[in-house]
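Subject: Structure handover

Hi,

Here is the structure we talked about. My notes on its charged side chains follow below.

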Amino acid sequence: MRICWAKLGILHGPAFLPWRRPPYRLRRPRFATHQPSAGDPRQARGFASARQSRGCRAPDLFALNKRITHLVRAGRLGEARAAFDAAGCRNTVTWNAMITGYVKRGEMTRARELFDGMPQRDVTSWNLMISGYVACRGSGFVEEGRDLFERMPERDCVSWNTMISGYAKAGRMDEASWLFSRMPERNVVSWNTMVTGFLRNGDVERAVEFFKEMPERDSASLSGLVSGLIHNDKLDEAARIFLEHGNPDGGEEIVGAYNTLIAGYGQRGCIEEARYLFDLIPYDNDKGKGGARRYPETGKVELARDFFEKMPQKNLVSWNSVIAGYEKNEDYKGAVGLFIQMLTNGEKPDRHTLSSILAVATGLVDLCLGLQIHQLVTKTVNPDVPIKNSLITMYSRCGAIVEAQTIFDKVKLQKNVITWNAMIGGYASHGLAAEALELFNLMKRFEVRPTYITFISVLSACAHAGLVEEGWRHFLSMVKEYGIEPTVEHFASLVDIVGRHGQLNEALDIIKDMPMKPDKAVWGALLGACRVHDNVELARVAAEALMQLEPESSAPYILLYNMFADSGRWDDANESGPLPFEGDSVVVDQDADNLEGEEDIIAAKLQKLENASRTVLSDLRPAAFPRDIGRGELQRSP
């Protein structure tokens, strides 16, 4: 699928040209003539910061800070640092702007070097460093943030809330609660952080208790609680609390909570309940959001599109919901079409839009589309970790493994388990077993806990490299060390590992001992191994199992037929099973039976089967690169 982006001006038009500002003249700001009073410390600090470097003119500092901030937001960190180093005078705002760039990029070593070299710090400087540390993975970084927190000369609510959020994300709710109890002054963000922290760690009871004790709530309070309860499989309790505490005149709060709850019922297929709540929403302009969100999640994309088209006023959330629905249901043409319509209407895409379209490029294995969306990402947003994960997956699936590795290296300390899985899976899918296994060992050294998807890729890498003993070791480690229950994908990879090494009877024993019913990937792995090692009798067993699972598929018939033919067993070849029906390009002409001699009949059949048989082995191999990598795996992660 190729999209003519040039017609829309996306690739070669102004949207993809580097941002350029027209020449402009700075107006000299007017300053007050009086000096700050001693009783106004904030104003005094502001003037002290502006006069930090003698001889600096305020307009020059303003222009410098604005330029550095612009470069940091555009992701051009090298240019920002060059402007920072060349500056003859700086103030605290200049230092903070540069530190912000490193913190957002996850380069905490460089950020700390700047922070330690600051001639003067303000509360923002300390808060930036603390937020950067708590955003990194690993308990050591949280402790670095806590060390800075304790050394702060003065703290504000942001300082406390950032540290509490860091402990909550690390699963250390006891320490988060202790800090919360020590806060001299709390705001609504403090309470929301505690509620979402308890929900993130599965403590629903305490989350509801804190919610009820909140002295005030904002638009995120009720929606956050409802969303967290839904993620903890407490849909009915979410509905009860919503009806009990939702204010019908609550404006955005009530609409947001309605949409979250509607989406929750929609995800579970409770369409009648979702429709009932939808009809209760008193705000016409926002009612389409819930309908546009819930129907794609149940596979009813056309209903979602119908809701979307009827909305009197569309916003970014509604566009994103329908585009994501198309992508989830693998209607890639519909997703791209709506995305083009979105750009044509002047709506600016955000991270969620671009993540969905990157997933579309991944599904289509369209590197050209992926490259163009990557350009949009660079020009329109500051890429976060989920966006970078999507880029790694897209480039890996499209065969650009070097580009995937480059983005993986840029994530630095902010890598999460999805980042590691995407890169390990990319290496495994390209047959780079050594690189995949080396990265897996590095992942464990960084104390990142593998998931079931990690081991699918690791076992696939072992199969490509013929590492039977190492494959068994990783399989047993998955079960015993990490407590991950093997899925059918893991068993398919294990059968592939053992079968490729020629241990076909052991592979059959693995299949017999599986706790679940083998699927086509498992039997396909055994059949492929039998083909490689020319074990016709065991191939018959695998092929017959595949015929029962997919009687309409031509693959097992063709492969078994060819194996019999290669060994000269023509009678068995003719009796191997019925040839598929017309439409599969493997039907034999009826007048073939009129040919003289059995060899002529076989030759006619083989001529018909030749093209189809070329792709049989690739169709039967188990998937080396999981389709859902980078999206939704956290729902199944232990």
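Asp 384 is partly exposed, with a relative accessible area of 28% (buried is under 20%, exposed over 50%, partly exposed in between; 1.4 Å probe, protein chains only). Arg 351 is also partly exposed, at 34%. Their side chains meet in a salt bridge, 3.5 Å from N to O (a side-chain nitrogen of Lys or Arg within 4 Å of a carboxyl oxygen of Asp or Glu). The pair links distant parts of the chain, 33 residues apart: Arg 351 sits in helix α20 (residues 351-364), Asp 384 in the loop between α21 (367-380) and α22 (385-397). Helices are DSSP runs of H or I, at least four residues, numbered from the N terminus.

This is a predicted model: local features need pLDDT of at least 70, side-chain atom pairs pLDDT 80 or more, while totals for chains, interfaces and linings use all residues. Residues are numbered from 1 along each chain as its sequence is written, and side-chain values use heavy atoms, without hydrogens or water.

The whole structure has 16 salt bridges. Arg 112 takes part in a bridge to Asp 116 at 3.1 Å, N to O. Those two lie about one helical turn apart, because 4 residues separate them in helix α5 (residues 108-117). Arg 112 is buried at 16%; Asp 116 is partly exposed at 43%.

Arg 112 also meets Glu 144 in a salt bridge, at 3.7 Å, N to O. Glu 144 is in helix α7 (residues 139-151), 32 residues from Arg 112. Glu 144 is partly exposed, at 34%.

Finally, salt bridges link Arg 105, Glu 107 and Arg 110 in a network.

Best wishes
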